Amino acid sequence: MICCSFKLRRLPGQGVPNAVQGLRSYGQGVRYGLLFALCLLLSACVTPPRMGSDWAQWQPSPNFGTRKANYVILHHTSSDTMERALATLSSPRTEVSSHYLIDRDGRVVQLVDENQRAWHAGESYWGGHSDMNSASIGIELVNNGREPFAPAQIKALLSLLSDIRNRHKIPRANFIGHADVAPGRKTDPSGFFPWRQLAMSGFGLWCDPPYETPPENFDNLLGLAALGYDVRDPTKAYSAFKLHFSPAGGGDFDETDRGMLYCLVGKVLTVGRE
C-alpha cells in the first residue's frame, strides 16, 4: 500500500495551511499543489483489502452486492469442469456468482469478497430469512450432481469452512445446502454430499441411530420449521429434509425420518446455535 505524507507550512498568525489560504511565493504554491495532487492520485489507486481466505486464488466476479454473512450455503455446479463453472459464475450475462468455487482436486478460487453479496441462492428461505443472498456465503463445488464428491475437494472444503467459521463466528447449525433453502426448486449439493462428515467436523447438524421415539404430540412440520425449512409446501419441505438427512432412504417421510427430525430439533435447542 502506498502512503502519502507531507507537511504544509503556515503563515505567521494563521491557523490554516498555506496551500489553502495562500503561500509566500507562487513557486512554493505550485510545489505544494503538485504534491497534494500526487497524493490524491496515489490514494485513489489503492485497492482496499478483501475479506477472504489468503490461500484462495482471487478471481473476482462482477455479480455481487453488500451484505453480512451468518450462514454458509453449499452448492454443486452441475457443470463438469472448473473452467465452465468459472465462466458461468463470472459472466455478467448469467448474473450468478458465489464467493468460492472448489475444484475436484482441491483448488479453491474466490470470486466475491465475503463482505459482499454474491448471487447464488436465488429465491430462498431459511429460519425466517427470505433473502439468503443477503445473509450467507455461497460455496460451489465442481460436481455434475451424479457423482460422489472427490476426497481432495471435501478436504479443501473443510479447511475453508474452518477458516470462515473462525472469522465470522457462524453457528454450526447454519451450514446448510441450496436444496434446504430452496425446497422443490433446487436439489444441490445432491444426495452424494457427505453431510454427516461435515457435521462430525462441526459444520451442520447430524444424529446417528438409534433415535429416541418422539412423543405422540411432536408435530413434524413444526419440527421442520424449527430447523429452518419453509413448510408452506409440506411435500417439498419433507423432500428437502430427506435429501439432506436420508438421501438413501427414498420414499415417504417415515418413522426413521421422524426420529432423526426429533433429535435434530433437540440439537438446535442445545448445541445448534453455538
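Modeller: In this predicted model, the largest nonpolar core has 51 residues, and those with the most contacts inside it are Val72, Ile139, Leu157, Phe193, Leu198 and Phe241. Helix α4 (residues 151-168) gives the most to this core, namely 7 residues. Apart from it lies another core, of 10 residues, including Leu101, Val109, Leu111 and Val142.

Biologist: With which residues is Ile139 in contact, leaving aside its neighbours within four places in sequence?

Modeller: Ile139 is in contact with Val72, Ile73, Leu74, His75, Tyr100, Ile102, Leu157, Leu160, Leu161 and Ile164.

Biologist: Why is Lys169 called exposed?

Modeller: Exposed means over 50% relative accessible area. Lys169 has 64% relative accessibility, and therefore counts as exposed. Lys169 is found in the loop between α4 and β8 (175-177), and its phi is near 55 degrees, a positive value in a residue other than glycine.

Biologist: Which peptide bond has an omega near 15 degrees, and which has an omega of about 5 degrees?

Modeller: The bond from Asp188 to Pro189 is cis, with omega near 15 degrees; Pro189 lies in the loop between α5 (178-181) and α6 (195-200). The bond joining Pro209 and Pro210 is cis, with omega about 5 degrees, and Pro210 lies in the loop between α6 and α7 (220-227).

How values were computed
Residues are numbered from 1 along each chain as its sequence is written. This is a predicted model: local features need pLDDT of at least 70, side-chain atom pairs count only at pLDDT 80 or more; totals for chains, interfaces and linings use all residues. Side-chain values use heavy atoms; hydrogens and water are left out. A nonpolar core is a set of buried Ala, Val, Leu, Ile, Met, Phe, Trp, Tyr and Cys residues joined through side-chain atoms within 4.5 Å. Buried means under 20% relative accessible area, exposed over 50%, partly exposed in between (1.4 Å probe, protein chains only). Helices (H or I, at least four residues) and strands (E, at least two) are DSSP runs, numbered from the N terminus. Contact means heavy atoms within 4.5 Å.
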